[in-house]
Amino acid sequence: GLITERHFLSASRPWPGYQTDYRPLIEFVRTNGLPVIAANAPRRYVNRVSRLGPDALDDLPAAAKEWLPPLPYGEATPAYREKFHRFFVDVTGADVFVHDGENGEDAEMQNLELSETAKAKREKDFDRLLSAQSLWDAAMAHAIGRVIRRQPESLILHISGKFHSEEGLGIPEHVDDYQPGTKFRTVVMDTSENFTAFDPAYEGRGDFVILTDPDLLKARKPRHHP
């Protein structure tokens, strides 16, 4: 009641899908007097990491660091790193670690086409993007842990893109670091052409997996952010 919804939307810059995807939930909790926690790290600091690396956060003033998880925040686990690598290849069409020789002749051909400098830059860019992604995960996990410490009996519903939590990777891993012993369940939603029957390929993505009609998303712009 302090500000109007129009000013709230202007200040928060919500995604295009806010009206259909998020507003019903926000209005429900507002009507029922339930707290809403903004869990993301500010975009400007995530962007700083993607450009300069995680050490660039050390130069921020103390007031800015209050919006972040304790530094240094946790790095991506090997499993999460591999998952993010697959995403990176799908989006950019360029492999990162072709010089390892794991892709056989294709890797050797790419090696010949890439200079050592170019390969080093590609790996560095990938590492910075992964660090930025991990900052998002760590910030959200730290926000969850902060609520649990204040109110140990709380039931928290956290909403995020599925990449941040599916397969128990990302946020769940950081929650376990910040607040060991926390009990949680992940609900992963995805689209499937055969959504009327469960596809075994989705096994293990979450404790619960909900498959929906892909036609529902055709009118929306594709988003490459995981």
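Colleague: How many helices and strands does the protein chain have, and how do you know what counts as one?
Modeller: There are 8 helices and 2 strands; a helix is a DSSP run of H or I with at least four residues, a strand a run of E with at least two, numbered from the N terminus. Along the sequence they read α-α-α-α-α-α-α-α-β-β. This is a predicted model, where local features need pLDDT of at least 70 and side-chain atom pairs pLDDT 80 or more, while totals for chains, interfaces and linings use all residues. Residues are numbered from 1 along each chain as its sequence is written, and side-chain values use heavy atoms, without hydrogens and water.

Colleague: Why is Trp 15 called partly exposed?
Modeller: Its relative accessible area is 42%. Buried means under 20% and exposed over 50%, with a 1.4 Å probe and protein chains only as cover, so a value in between is called partly exposed. Trp 15 sits in the loop between helix 1 (5-12) and helix 2 (18-31).

Colleague: Good to know! How much of the protein chain is buried?
Modeller: Of its 226 residues, 31% are buried.

Colleague: And what makes the lining of the second largest pocket nonpolar, polar or charged?
Modeller: Ala, Val, Leu, Ile, Met, Phe, Trp, Tyr, Cys and Pro count as nonpolar, Asp, Glu, Lys and Arg as charged, and the others, Gly among them, as polar. By that rule, the lining has 7 nonpolar, 3 polar and 7 charged residues. Helix 7 (residues 116-150) gives the largest share of this lining, 6 residues.
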